[in-house]
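Here is a short briefing to read alongside the sequence and the 3D view. Take a look at the structure, then follow the notes below.

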Amino acid sequence: MTAARTITFTLNGSPVTADVKPHHNLVELLQTQFGLTGARESCGQGLCGCCSVVVNGRAVSGCLYLASFVDGADVVTVESLDSAQKLSPVQEAFIEASAFQCGYCTPGFIMMVTQLLDEKPDPTDDEIKHYLTGNLCRCATYPEVMDAVKLAAKKRKAGATA
Ligand code: FES
Ligand code: FES
């Protein structure tokens, strides 16, 4: 039986420790030891974006990212985006634009759209498509996702100037 190893890292702004085995991936770690189910495994091959987690400021596929690799890292999940019962502008925009059906892919999209707007507050259509090329939606809500990104950009700008 393979021994577990204790790691420490920052999870959504708080220091945490966890026991991980060499084969555990980041999604398993977040779900089983922290109850964070926003990043979820779908393809398990780094192709769909459902498992997106931000590690040290970069989005990674949690299904392919070994849990032990987050030792000492700064990890941010979709659960960090709302605060004090208030949704983030991106979360609000997805609801207002009806940018989901089953919702399975939605946390991954929301993480990537948040990153996109952090990097490019006013993206073009091509930039949106390019940035989200690794996020798949089996319910084919892509037109509504485009609307949501543009709405979120407006909301963030309005929030910044309010
Ligand atoms: S489940 Fe990780 S990219 Fe699809
Ligand atoms: S809303 Fe169902 S997979 Fe995207």
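Let's start with one pairing: threonine 6 has aspartate 19, in strand 2, as its bridge partner. This is a predicted model, where local features need pLDDT of at least 70 and side-chain atom pairs count only at pLDDT 80 or more, while totals for chains, interfaces and linings use all residues. Residues are numbered from 1 along each chain as its sequence is written, chains are lettered from A and ligands numbered from 1 in the order in which they are written, and side-chain values use heavy atoms, leaving out hydrogens and water.

**Strands and their partners**

- Strand 1 (residues 5-11) and strand 2 (residues 14-20) run antiparallel and are joined by 7 bridges. Strands here are DSSP runs of E with at least two residues, and helices are runs of H or I with at least four, both numbered from the N terminus. Two strands pair if DSSP finds at least two bridges between them.
- Strands 1 and 2 make a hairpin with 2 residues between them, and asparagine 12 in the turn has a positive phi of about 50°.
- Strand 1 also pairs with strand 5 (residues 74-76), this time in the parallel sense, over 2 bridges. Threonine 10 has aspartate 74 of strand 5 as its bridge partner.
- In a regular strand, side chains alternate between the two faces of the sheet.

- The chain is divided into domain 1 (5-80) and domain 2 (89-161), with bounds that come from an automatic or database domain assignment. Their C-alpha centres lie 22 Å apart.
- In domain 1, 16 residues are in contact with 13 residues of domain 2, where contact means heavy atoms within 4.5 Å.
- The two domains bury about 1100 Å² between them, 59% of it on carbon and sulfur atoms. Buried area is the accessible area (1.4 Å probe) that two parts lose on being put together, summed over both.
- Strand 3 (52-55) and strand 4 (58-61) each supply at least two residues of the side of domain 1 that touches domain 2.

**Salt bridges**

- How many salt bridges does a search of the whole structure find? The search finds 8, a salt bridge being a side-chain nitrogen of Lys or Arg within 4 Å of a carboxyl oxygen of Asp or Glu.
- Across the interface of domain 1 and domain 2, the rule finds 0.
- Lysine 155 forms a salt bridge with glutamate 96, with the closest N and O atoms 3.0 Å apart. This pair links distant parts of the chain: lysine 155 is in helix 5 (residues 142-161) and glutamate 96 in helix 2 (residues 89-96), 59 residues apart.
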